[in-house]
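Student: I would like to learn how to read the features of a structural model with some care. Could we take them one at a time, with the general idea before the particular case?

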Amino acid sequence: MQRRITRPLVIGMSAALATAGIATQAMAQDGADPDGITTIAAGLSNPRGFDWGPDGSLYLAQAGWGGDNNVAIVPGFTVDNGLTASVGMVADGCVTPAAAGLPSALWQEAGWIWGAMDVAFLGDQAYALLSGAGPTWFSPTNRSGVYRLDDDGTMTLVGDISGWLPDNPPAEVPFDYSPDGSLFDLEATGDALLLTEAVGGQLLRVTPDGEISSVADLSEGHLVPTGIALDDEGNAFIGHETAAPYVDGASKVVMVTPDGSVSDHWTGLTVVTDVAMGPDGSLYAAEMATGFSGETAEMPAVSGRIVRQTGPDSSEAVVTDLAYPVYIGFDADGRLLVSGPAFGPDAGVGQGWLAAADFSNGPVSFAGYEPAATCA
């Protein structure tokens with residue numbers, strides 16, 4: 001069954017994270033980006049995943065900032081939800097909405113926000129991944145799942161994850177599991193879309209006609225699958241955030257073959273939020289933060305990195321000193337794009353950015369990077 005969102009459109013962890021203050025930083029006095037960094041857009045509200053359309057246009061998901069509907073679900077889990085998420089096209093520093101007024105949910109105590117989580121193109125068709133909606137989020141008329149962005153200014157629900165998960169729970173159900181899921185990453189492969197359900201720990205497949213199936217159950221040990229990267233053979237490489245309290249080196253990337261076989265591919269990582277296959281054939285991972293003691297869930301500020309795989313259990317940093325990077329990808333010119341921060345004070349409103357890093361001359365540091373808004 002397909003549902004349509006008909007709000008006006010403009011044509012054109014566990015996910016639970018403990019909030020840590022983002023250190024106040026200063027850009028160069030002339031406002032220029034630091035060496036090796038190009039700001040693509042700034043002044044965003046919780047930017048998430050991005051993808052390029054067949055014409056090269058760049059699309060970006062923003063999770064929004066929740067909303068005015070305040071619900072104290074259980075002690076320690078208070079949700080503000082509303083319709084503040086969006087998917088838009090990025091050009092000249094501005095984001096023109098392709099779909100606005102989408103469900104968004106802020107977990108007050110942790111500071112994490114669900115909403116429009118990612119966007120992906122399957123052929124010429126754009127799809128968006130929405131999370132933080134459904135009965136357990138006190139927005140029963142909305143659903144978490146995969147939506148098609150239609151040319152007539154509407155969105156159509158093609159993969160109703162809120163409806164599918166209650167009948168298809170993971171093998172190991174964690175204490176913080178929600179039957180609406182905590183959806184994270186969306187990638188196109190062949191004739192279908194792959195997505196991660198982070199808290200429950202599943203890699204799911206959704207076809208354009210709405211068929212949903214589980215490719216692999218990754219729930220053992222509650223490692224929290226996040227980003228997806230694909231190779232030319234159809235293998236999926238899945239990063240893991242792990243659950244709090246976090247430990248340096250406890251995260252990993254697994255390889256899931258098309259038949260669902262799972263094996264460790266890259267170990268020794270920390271709080272991985274996304275992975276990407278680079279133009280050099282190497283696998284890259286975004287580590288949201290590093291330097292954990294293993295005794296607290298607090299995220300050390302400005303300690304995130306982008307690392308390149310150098311062996312089964314080794315890596316080298318190509319980008320350092322990031323404030324909670326959340327999604328990465330490479331454009332047609334081979335530039336590494338990264339979005340962040342994953343969360344922040346004041347619901348992260350206006351604090352987000354999408355930037356490109358050129359590490360061809362060596363590692364790039366984001367120390368002191370706090371770009372001004374690029375569009376009024």
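**Salt bridges, a disulfide and the overall fold**

Tutor: In this predicted model, the side chains of Lys252 and Asp264 meet in a salt bridge, with 2.9 Å from N to O. Lys252 belongs to strand β19 (residues 251-256) and Asp264 to strand β20 (residues 262-269), so the pair ties together parts that are twelve residues apart in sequence.

Student: How many salt bridges does the count come to?

Tutor: The rule asks for a side-chain nitrogen of Lys or Arg within 4 Å of a carboxyl oxygen of Asp or Glu, and by it the count comes to eight salt bridges. One of them joins Arg308 and Asp280, whose closest N and O atoms are 3.7 Å apart; this pair links distant parts of the chain, Arg308 being in strand β23 (residues 304-311) and Asp280 in the loop between β21 (272-277) and β22 (283-287), 28 residues apart.

Student: Which residues are linked with Arg308 in a network of salt bridges?

Tutor: The network of salt bridges links Arg308 with Asp280 and Glu316. Asp280 counts as partly exposed, at 44% relative accessibility.

Student: In the salt bridge of Arg335 with Asp331, is Asp331 buried or exposed?

Tutor: Buried means under 20% relative accessible area, and Asp331, with 12%, is therefore buried. Arg335 is partly exposed at 34%, and the closest N and O atoms of this pair are 2.8 Å apart.

Student: Turning to covalent links, which residues form a disulfide?

Tutor: A search of the whole structure finds one disulfide, formed by Cys94 and Cys375 with their sulfur atoms 1.9 Å apart. Cys94 lies in strand β7 (residues 94-107) and Cys375 in the segment after β28 (364-365), so the pair ties together parts that are 281 residues apart in sequence. The torsion about the S-S bond is about 95°, so the disulfide is right-handed. Cys94 is partly exposed at 24% relative accessibility, and Cys375 is partly exposed too, with a relative accessible area of 36%.

Student: What is the radius of gyration of the chain, and what would a compact globule have?

Tutor: A compact globule with 376 residues would have a radius of gyration near 21 Å, and the chain has 19 Å, which agrees. The C-alpha trace spans about 50 × 45 × 45 Å along its principal axes, the chain holds one helix and 28 strands, and 57% of its 376 residues count as buried.

Student: How many positive and negative charges does the chain have?

Tutor: The chain has 11 positive and 47 negative charges, and their mean positions are 7 Å apart. The chain exposes about 14,300 Å², of which carbon and sulfur atoms supply 49%.

Conventions:
Residues are numbered from 1 along each chain as its sequence is written. This is a predicted model: local features need pLDDT of at least 70, side-chain atom pairs count only at pLDDT 80 or more; totals for chains, interfaces and linings use all residues. Side-chain values use heavy atoms; hydrogens and water are left out. A disulfide is a pair of cysteine sulfur atoms within 2.5 Å. Helices (H or I, at least four residues) and strands (E, at least two) are DSSP runs, numbered from the N terminus. Buried means under 20% relative accessible area, exposed over 50%, partly exposed in between (1.4 Å probe, protein chains only). The radius of gyration is taken over C-alpha atoms; the globule rule is 2.2 Å times the number of residues to the power 0.38. Accessible areas come from the Shrake-Rupley method with a 1.4 Å probe; for residues, only the protein chains shown count as cover. Lys and Arg count as positive and Asp and Glu as negative; His and the chain ends are not counted. The place of a charge is taken as NZ of Lys, CZ of Arg, CG of Asp or CD of Glu.
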